[in-house]
Structures are given as structure tokens and as C-alpha cells.
Amino acid sequence: LRSFFSEEDTAGTRIAAERATKLPRDSDNDIRGWPSSAQVWVRQARVTPEEVKAYGIAYSERLGRVIIPIYNGVDLIGWQARKVHDHDEGPKYYTKTIAPEKMMVFDHGRCGGDTIVLCEDVLSCIRIGRFLPAVAILGTEVSDYALSKLTKHRSHAIVYLDYDNRIVKKKSRVLKNRLELLMDSVTLVVNQPDPKTLTDTQLEILLRKYLST
């Protein structure tokens, strides 16, 4: 794994990097004990308590944020802390990791196949993964490592980012161009709602539409 330290770094720096892979000690993945704002954030995305536990999503009272762990195989390589309280003046997400280029979350979907859907965040990935293999790229940038992993044994990709501003639109097209060098076909989802806001029926219909184009 690539980390934030090099061979010349001090032992103290290495210890700090190792700590980045440990979840907050008070992480609680029983959604019933979370504050209402944290529960609302998950339920609005139509993610179930069972899925919360399956993905290890938790709430940290100390941080006042929902914690999303990121694994590479069985190794915890980092986590994201998502803002859920109005009084939190920090960024929507902040991330701790020792392997930034490997930060992505896969859901291999129920139906398999050679198509993969790229989305921005983990809750979107969970929702899309109910129908097709999906990967949360945790933003709009994709490392070469991530690109090689998500295109392996796949011939078609659907890029479904939030597409809510000019920068995301531009980066979506850049990502599409990169994928087209490695895959048979790439479809860009445009002018569609955030997948988390759709019902399962609506989401399945939309995905099937882009799957057939």
C-alpha cells in the first residue's frame, strides 16, 4: 500500500499514518442509537439498517459524524466522516487514509455481468448495487490504480455522478474519455436525479435505460 510516509519519515509519522486506518473508538453501527439527523441522512437515501451494518457504516458521537469505512480486501485503508448536523461548520466529508489511490467501494450487485456503474458516494453505490455492479469513486477523480481495478473483466461502464454543477459535468466527460481507452463502451448519465433520491423501481428503470444504449 502507498502511504503518506516514505522510507525517510520518522517513526512518529508512521504511527500517525497507521492510526488513520483505525475507526473512531466510539463507532456505533446500530442505527437505532444514532441521533435523528444521522438516521435521517441514511433513511433519506433509502439505505436499510441491514445495509448499514453490512458496510460497517457507523456513527461517532465524539466526531458528531457518520463514519464510512473503506476496505481494500480485508484491510481497512481509511474512512470518511460525513457531516449530518446543521451546526457542523466543517466540510461535507473529510477523509483519513494511508492509501488515497485505493479509496473506492465496490458493490458487485445481484445480477453480475460485464457492466459497472461509477458513482460518487457509498450510499449511491449501495442503492445501485441492488441492480448492477457499482463502484463509489468517492468524488470525481479516479486514480490509475482504481481505473485498472474497476475495468478488470468489464467491457461496459455507466458513469452516474451527481452532475450537479459545471465542474462535475466537465470531470464526468474526462472520466468517460479515460474509460473509453480501456472499455468497449461507456455511457454518461446526464440530467438525471441523484440515485439516492429515487425509489428502487425508478432507479431500476433508469439503469436499464442506460444499459440498453
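This is a predicted model: local features need pLDDT of at least 70, side-chain atom pairs count only at pLDDT 80 or more; totals for chains, interfaces and linings use all residues.

Q: Where is the place of D121, and what does D121 touch?

A: You'll find D121 in the loop between β6 and α4. Leaving out residues up to four places away in sequence, D121 touches Y93, A136, D162 and K196. Also look at L123: its backbone nitrogen lies 3.2 Å from a polar atom of the D121 side chain.

Q: Next, helices. Which residues of α7 are buried?

A: Here's the general idea: an α-helix has 3.6 residues a turn, so residues three or four places apart point the same way. Now the case here. The buried residues of α7 are L203, L206, L207 and Y210. Looking down the axis of α7, you'd see them fall within an arc of 95 degrees, so they line one face of the helix. The face turned away from that buried side carries the exposed residues T201, I205 and R208.

Q: What do the buried residues of α7 pack against?

A: They pack against β6 (115–119), α4 (122–128), β8 (156–159) and β9 (185–188). As for the helix itself, α7 covers residues 200–211 and reaches 16 Å from its first C-alpha to its last, close to the 16 Å expected.

Q: How many residues does the largest nonpolar core have?

A: In soluble globular proteins, nonpolar side chains tend to be buried together. In this model the largest nonpolar core has 38 residues, and those with the most contacts inside it include W34, V66 and L207. Several elements each supply at least two residues of this core, among them α2 (36–44), β2 (65–72) and α7. It's α4 that gives the most, with five residues. Apart from this core lies another, of 19 residues, including I116 and V135.

Q: And what does V66 touch?

A: Among its contacts are W34, I57 and Y59, not counting residues up to four places away in sequence.

Q: How do I read aromatic rings? How many aromatic pairs are there?

A: A pair of aromatic rings is described by the distance of the centres and the angle of the planes. The count here comes to two pairs. In one of them, the rings of W34 and Y59 have centres 6.3 Å apart and planes at 40 degrees, so the pair is tilted. This pair links distant parts of the chain: W34 sits in the loop between α1 (11–19) and α2, and Y59 in strand β1, 25 residues apart. Both W34 and Y59 are buried.

Conventions
Residues are numbered from 1 along each chain as its sequence is written. Side-chain values use heavy atoms; hydrogens and water are left out. Helices (H or I, at least four residues) and strands (E, at least two) are DSSP runs, numbered from the N terminus. The expected span of a helix is 1.5 Å times one less than its number of residues. Buried means under 20% relative accessible area, exposed over 50%, partly exposed in between (1.4 Å probe, protein chains only). The arc is that of the directions from the helix axis to the C-beta atoms. Contact means heavy atoms within 4.5 Å. A nonpolar core is a set of buried Ala, Val, Leu, Ile, Met, Phe, Trp, Tyr and Cys residues joined through side-chain atoms within 4.5 Å. A polar contact is a pair of N or O atoms within 3.5 Å; within protein, one must be able to donate a hydrogen and the other to accept it, and residues adjacent in sequence count only if both atoms are side-chain atoms. Rings of Phe, Tyr and Trp (its six-membered ring) pair if their centres lie within 6.5 Å; planes under 30 degrees apart count as stacked, over 60 as edge-to-face and the rest as tilted.
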